[in-house]
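I opened this notebook to keep track of what I looked up, one topic at a time. The entries below are in the order in which I went through the structure.

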Amino acid sequence: MTAVAQHKNVLDIEKIRKDFPILSRKVNGKPLVYFDNGASSQKPQSVIDATNKYYSYENANIHRGVHTLSQEATSAYEVVREKVRAFINADKSHEIIFTKGTTDSINLVAFSFGRTHINEGDEVLISAMEHHSNIVPWQMLCVEKKAKLKVIPINDDGELMMDEYKKLLSKKTKIVAVTHISNSLGTVNPVKEIIAAAHEKGIPVLIDGAQAIHHTTVDVKDLDCDFYSFSAHKMYGPTGVGVLYGKEELLNSIPPYQGGGDMIKTVTFEKTTYNELPHKFEAGTPNIAGGIAFGAAIDYINSIGIETIAAYEHELTEYALQQLNTVPGIKFIGKAKERASVISFLLDNIHPYDAGVILDKMGIAVRTGHHCTQPLMDRFKISGTVRASFSFYNTKEEVDVLVKGLHKVIDMFK
Ligand code: C6P
């Protein structure tokens with residue numbers, strides 16, 4: 001039995017696929033082949049049910065009411081904070097700040113930590129493979145503060161140049177903000193080494209975990225990261241919910257990002273005192289249904305096991321790389337030795353957009369374009385790629401459908 005077959009047995013892919021109603025639908029008359037998991041993953045029935053149950057029987061605002069519904073909703077929501085804490089092995093549940101998603105989490109750090117600690121002439125260090133969410137907030141801050149945005153270069157395989165990184169760390173560097181896994185290249189960055197090198201110089205590190213949290217074990221204590229951000233919708237949960245993990249001491253040392261209800265202790269027209277962690281960073285009514293459904297998504301991942309998921313996705317990606325290699329004229333963008341289940345490629349003389357539209361006619365969903373990493377595309381002197389991103393509910397048979405589809409695309413352009 002091959003490793004894939006073993007994992008297939010462990011995972012029971014056919015059973016798993018039945019948990020995701022959308023996977024049984026057709027698109028353009030063909031069975032859906034969903035390879036756009038990097039953009040957003042599909043949702044199991046348990047997540048959909050949790051949303052329905054909340055709105056049908058439990059709906060109330062949280063942290064505000066003495067009545068039963070409010071108390072129940074509050075505890076259902078707060079249970080999820082503890083689930084997230086355990087999932088990433090944080091020390092304390094109040095180190096888990098609920099946000100709208102990765103983008104929101106990074107903006108929180110840029111504008112709360114950044115406005116407090118970054119001044120004229122200081123430097124923010126990011127990498128050449130960052131998503132716009134981990135570029136633009138820092139750029140905005142740097143303009144405001146007259147600080148400098150510095151960029152860690154990458155090699156032609158799409159790996160960070162670690163020697164260059166270490167050279168870029170200086171007294172002026174006030175934060176390092178890098179992605180754990182590249183959404184466009186699939187590169188898995190050596191984040192532990194990145195963090196250790198920054199810490200040697202007393203520099204805090206934010207890790208953008210949007211593409212990592214559902215593919216690999218994330219242990220924030222072992223990583224020793226200062227901040228770690230991710231989105232629920234990429235981990236089989238709802239949109240509009242995300243997490244910022246931050247070390248307690250750091251979170252306590254920075255001001256709230258937004259003002260409003262729930263984040264205060266006392267308010268007079270003269271002065272406001274702020275609530276404790278985590279509420280200090282959670283102004284206004286949050287996405288309560290989303291938060292509760294996020295808990296169901298974490299339960300779902302735990303029921304399979306993140307290590308089992310990672311092993312299966314690794315096998316599937318290896319298989320996909322082998323099969324895609326047989327496609328005439330294919331050129332892979334991103335060939336890192338350490339990679340996740342994301343494959344970006346170009347076809348000879350065929351625009352990624354055209355390939356994406358034709359594949360869609362065959363029921364195959366891939367992402368095409370710059371994947372919100374325009375500077376990275378500039379680095380490779382291209383305007384975009386075709387990107388296939390896999391999840392544990394995808395199969396080798398679906399990879400075969402993609403490969404056949406690409407042959408058809410090439411035939412159409414002959
Ligand atoms: N990347 C993709 O197709 P939000 O939108 O806030 O949930 O996540 C933003 C984000 C931040 N960092 C990385 C590494 C990401 O991949 C993403 C989202 C999607 O690649 C949508 S652009």
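What follows are my entries on sheets, helices and single residues.

**Entry 1: the model.** I note at the outset that this is a predicted model, and I read every entry below with that in mind.

Entry 2: I began with the open sheet of 7 strands, whose order is 4-10-9-8-7-5-6 and whose pairing is mixed. Its edges are strand 4 (96–99) and strand 6 (148–152), each of which pairs on one side only. Ignoring direction, I find that neighbouring strands of this sheet are turned by 20° against each other on average.

I then looked up two of the pairings. Strand 7 (residues 173–179) and strand 8 run parallel and are joined by 4 bridges, and I noted that Thr179 has Asp208 in strand 8 as its bridge partner. Strand 9 (residues 227–231) and strand 10 (residues 242–246), by contrast, run antiparallel and are joined by 5 bridges, with Ser231 standing opposite Gly242 of strand 10.

**Entry 3: strand 8 and its cover.** Which residues of strand 8 lie on one side, and which on the other? In strand 8 (residues 205–208), Val205 and Ile207 are on one side while Leu206 and Asp208 are on the other, and all of them are buried, so that both faces are covered. I set beside this the general rule that side chains in a regular strand alternate between the two faces of the sheet. I also looked at helix 8 (residues 191–200), which lies across strand 7 and strand 8 and runs at about 165° to strand 8.

**Entry 4: Leu244.** Is Leu244 buried or exposed? Leu244 counts as buried because its relative accessibility is 0%, the cut-off for buried being under 20%. Leaving out residues up to four places away in sequence, I list among its contacts Ile96, Ile97 and Thr99, as well as Phe227, Tyr228 and Ser229. I also noted that Leu244 and Ala90 are 154 residues apart in sequence, while their C-alpha atoms are 11 Å apart in space.

Entry 5: I turned next to an open sheet of 4 strands, which has the order 13-14-17-16 and antiparallel pairing. Strand 13 (330–332) and strand 16 (367–369) are the edge strands here, each pairing on one side only, and the twist from one strand to the next averages 30°. Strand 13 pairs with strand 14 (residues 342–347) over 3 bridges in the antiparallel sense, and the partner of Ile330 in strand 14 is Leu347.

**Entry 6: helix 13 against helix 15.** How do these two helices pack? Helix 13 (residues 352–361) and helix 15 (residues 396–412) have axes 10 Å apart and pack at an angle of about 120°, which means that helix 13 is oblique to helix 15. The crossing is right-handed. On the side of helix 13 I find Ala355, Ile358 and Leu359, and these meet Leu402, Gly405, Leu406, Val409 and Met412 of helix 15. Sorting the residues of this contact, I get 7 nonpolar, 1 polar and no charged.

**Entry 7: Arg17.** I looked up Arg17, which has its place in helix 2 (residues 13–18). Arg17 counts as buried because its relative accessibility is 15%. Not counting residues up to four places away in sequence, Arg17 touches Leu23, Leu32, Tyr393, Asn394, Thr395 and Glu398.

**Entry 8: backbone points to remember.** Asn89, which is not a glycine, has a positive phi of about 55°; Asn89 lies in the loop between helix 4 (68–88) and strand 4 and is partly exposed, with a relative accessible area of 28%. Asp224, also not a glycine, has a positive phi of about 65°; Asp224 lies in the loop between helix 9 (220–223) and strand 9 and is partly exposed, with a relative accessible area of 33%.

Where is the cis peptide bond that I noted? A cis peptide bond joins Leu277 and Pro278, with omega about 0°, and Pro278 is found in the loop between strand 12 (272–274) and helix 11 (288–304).

Terms used. Residues are numbered from 1 along each chain as its sequence is written. This is a predicted model: local features need pLDDT of at least 70, side-chain atom pairs count only at pLDDT 80 or more; totals for chains, interfaces and linings use all residues. Side-chain values use heavy atoms; hydrogens and water are left out. Axes are lines fitted to C-alpha atoms, for helices over the stretch in contact, and angles run from 0 to 180 degrees between N-to-C directions. Angles under 35 degrees count as roughly parallel, over 145 as roughly antiparallel, 65 to 115 as roughly perpendicular and the rest as oblique. A crossing is left-handed if the near helix is turned anticlockwise from the far one by less than a right angle, and right-handed if clockwise. Contact means heavy atoms within 4.5 Å. Ala, Val, Leu, Ile, Met, Phe, Trp, Tyr, Cys and Pro count as nonpolar, Asp, Glu, Lys and Arg as charged, and the others, Gly among them, as polar. Buried means under 20% relative accessible area, exposed over 50%, partly exposed in between (1.4 Å probe, protein chains only). Two strands pair if DSSP finds at least two bridges between them.
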